[in-house]
Amino acid sequence: MTRMSAIDELFEKTRAENRAVLVGYLPAGFPDVKTSIAAIEAMVSAGVDLVEVGLPYSDPVMDGPVIQAAADQALSNGIRTTDVLEVARASAATGAPTVVMTYWNPVERFGVERFAAELAAAGGAGLITPDLVPDEAAEWIAASEQHGLDRVFLVAPSSTDARLALTADASSGFIYAAAVMGVTGAREQTSSLAPTLVERVRAVTSTPVGVGLGVSNGEQAHEVATFADAVIVGSALVKALHTGGIDGVATLAAELRAGVER
Amino acid sequence: MPYEQPDATGHFGRFGGRFMPEALIAPLDELDRAWTEAKADPVFTAELDRMLREYANVPSPLYEATRFSEAVGARILLKREDLNHTGAHKIRNVLGQALLAKRIGKPRAIAETGAGQHGVASATACAYLDLECTVYMGEVDTERQALNVARMRMLGAEVVPVTTGSRTLKDAINEALRDWVASVDHTSYLFGTAAGPHPFPSMVRDLTRGIGDEARAQVLELTGSLPDAAVACVGGGSNAIGLFTAFVDDADVQLLGVEAGGDGFDTGRHAATITAGDVGVLHGARSYLLQDQDGQTIESHSISAGLDYPGVGPEHAHLAATGRARYVPATDADAMAAFDLLCKTEGIIPAIESAHALAGAQALAKELGPDATILVNLSGRGDKDVHTAAEWFGLIDGPVVLDEGVEE
């Protein structure tokens, strides 16, 4: 590794504190741009370490009903890619490393190089790309190198060992382990597949592994924190924002943060 | 050098590939391997050929449309895919994918459908091969196509109305993909067109290319030479790629894809993806698509439900980019005029999808003149479109209740 990114430093810090990183996802522009920024600020104050700003997209095939509905609302309010970058800027200003989670077409349409440049200028730390695998990512890899951004690719229980190695090689910051075969959304039980997947990733890389899909409360966060480097929560926070507003987000974030202590 | 596409990773030039969640990459690799093995296995291909022959009424005949030819001013030969079981070319694709599902040993199949034609073909194949079948269909389409919903249920399929996004075909594909990522260990996805992530575009081409292979031999036998042009309508592109593939290496045969021009491609209300769209990524592949400045998908519009899709298969994007095939729009009005002409001159009611190809052939006849021979894929029959057409021509009053389509 040639340099420490903000995300690398975060994982170094939480390792020293003997806890997992808490990653919180909220879509930009839900329910509106201003509120989405306030919700991000609130969840960071309540203990979220790393923010995923979602870029609302018309065809989110990896997302369950909660995030789909939020994206629909943001899009019908007229959210633009440039607004998402502004939300990322506000998020980064909280001091929490901020990545954008986005389906690939909006980045390609904006211009991969231009997107990377503007995200870096906004203080963003990288991208999570749910429908871009390293095999198709040559342009993004070059642009992220150029602008010092981290590349968070996903691995899944179905990934072969060869694909885990290939994905780990292409990733930086952390690796996003999708805990279940399925889409985003809260689940009653944490996945039995996740510990095995994390173990398999650790066999091929020293890059930290975050676990997402289905974590919705402090108890589940605690369970995942026992075997993963980061606990990723999305739909539950979106739902909390929808039903409980900014306070709802802050309350859940605090509960999750208590959960990720080991 | 003969045409060989895609490359080993599913790219047709700069198009195609796999823009999919990692969870589906290994299953897509398995599907690719399974299909490569199956198509090289004489037992599998003999069984598929038997099913196509005995069950699906394939090969379909080539028909010299004499009176239509006189009316448009060139020799028009029709490949009669409208005479296949279930009334369109779709059955070729679905029987192949369903037989592969049996071979792999997955007991459940899912499919997306727009107007219902691929859904009906899937439900048919699943009944025939004893597979459990779930069809995702946009809620808007289930309302417009109530009769096809009933047909699918009659055939034993579960039909799930999709209530997300624009509640049409593209959202049905999204929902089918969401099902598949959670069910892929026991479920096959019977994809309805030559689009999506690798290996679907090339697998669907392999399964539909019989259209062109048969037609090429039939035209040679009838006329002693190759046609001057081969014409097909293009939504996702399965019937067109099925026709074109046999002729790609025949440099003297013009390939013409006819897209849905809707109200006119300059009105913004159309589905002419290659004519008026831009390069981007949708449903797993890089191709042309209808999108806004930020890369959000724009809804398409066409009188033909089967062509009403904002994307197009990646091989068509490649054939357009290399200039090997040409893609032009036909408006709703052009297509319905050609529909009317075929009805009146030949006693054949075409699918409105296929009427777009006829409209394209009509325009091409003017360019090429009376000595030209033009092969047109009549991809489906129009019984399903009677209500839409009757309303268009003012033959009946009242709301459209049976506005069905062939999904190209």
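Where in chain B is the place of R178(B)? It sits in helix α8 of chain B, residues 169–183. Keep in mind that this is a predicted model.

R178(B) counts as buried, because its relative accessibility is 7% and the cut-off is under 20%. What does the side chain of R178(B) reach? It reaches the backbone oxygen of D63(A), at 3.0 Å. So much for one atom pair.

How many residues of chain A are in contact with chain B? The count is 36, and they meet 36 residues of chain B. Between them the two chains bury about 2900 Å². Of that area, 46% is on carbon and sulfur atoms. Three residues stand out on the chain A side: V61(A), R109(A) and E136(A). They supply 23% of the area that chain A buries against chain B, more than any other three residues.

The rule finds five salt bridges across it. One pair to look at is R163(A) with E22(B). They form a salt bridge, and their closest N and O atoms are 3.0 Å apart.

Which elements of chain A each supply at least two residues to the side that touches chain B? They are α3 (65–76), α5 (104–110), β6 (154–155) and α8 (161–170). The largest share, five residues, comes from α5(A). By type, that side of chain A divides into 18 nonpolar, nine polar and nine charged residues.

One more residue in chain B: P27(B). Its place is in helix α1, residues 25–39. P27(B) is buried, with a relative accessible area of 9%. Leaving aside neighbours within four places in sequence, P27(B) is in contact with S158(A) and V184(B). For scale, take C343(B), which is 316 residues away along the chain. The C-alpha atoms of P27(B) and C343(B) are separated by 46 Å.

Next, the sheet in chain A. Nine strands form an open sheet, and the pairing is parallel. The order is β5-β4-β3-β2-β1-β9-β8-β7-β6. Which strands are at the edges? They are β5 (150–152) and β6 of chain A, each pairing on one side only.

Three bridges join β4(A), residues 126–128, to β5(A), and the two run parallel. Within that pairing, G126(A) has D150(A) as its bridge partner.

V155(A) has its bridge partner in β7(A), namely A177(A). In a regular strand, side chains alternate between the two faces of the sheet. Look at β7(A), residues 175–178: I175(A) and A177(A) point one way. Y176(A) and A178(A) point the other way, and all are buried.

Last stop, chain B. Strand β5(B), residues 108–113, pairs with β6(B) in the parallel sense over six bridges. I110(B) has T134(B) as its bridge partner in β6(B). Why is β6(B), residues 132–138, largely enclosed by the rest of the structure? Because six of its seven residues are buried.

Conventions: Residues are numbered from 1 along each chain as its sequence is written. Chains are lettered from A and ligands numbered from 1 in the order in which they are written. This is a predicted model: local features need pLDDT of at least 70, side-chain atom pairs count only at pLDDT 80 or more; totals for chains, interfaces and linings use all residues. Side-chain values use heavy atoms; hydrogens and water are left out. Contact means heavy atoms within 4.5 Å. Buried area is the accessible area (1.4 Å probe) that two parts lose on being put together, summed over both. A salt bridge is a side-chain nitrogen of Lys or Arg within 4 Å of a carboxyl oxygen of Asp or Glu. Helices (H or I, at least four residues) and strands (E, at least two) are DSSP runs, numbered from the N terminus. Ala, Val, Leu, Ile, Met, Phe, Trp, Tyr, Cys and Pro count as nonpolar, Asp, Glu, Lys and Arg as charged, and the others, Gly among them, as polar. Buried means under 20% relative accessible area, exposed over 50%, partly exposed in between (1.4 Å probe, protein chains only). Two strands pair if DSSP finds at least two bridges between them. A polar contact is a pair of N or O atoms within 3.5 Å; within protein, one must be able to donate a hydrogen and the other to accept it, and residues adjacent in sequence count only if both atoms are side-chain atoms.
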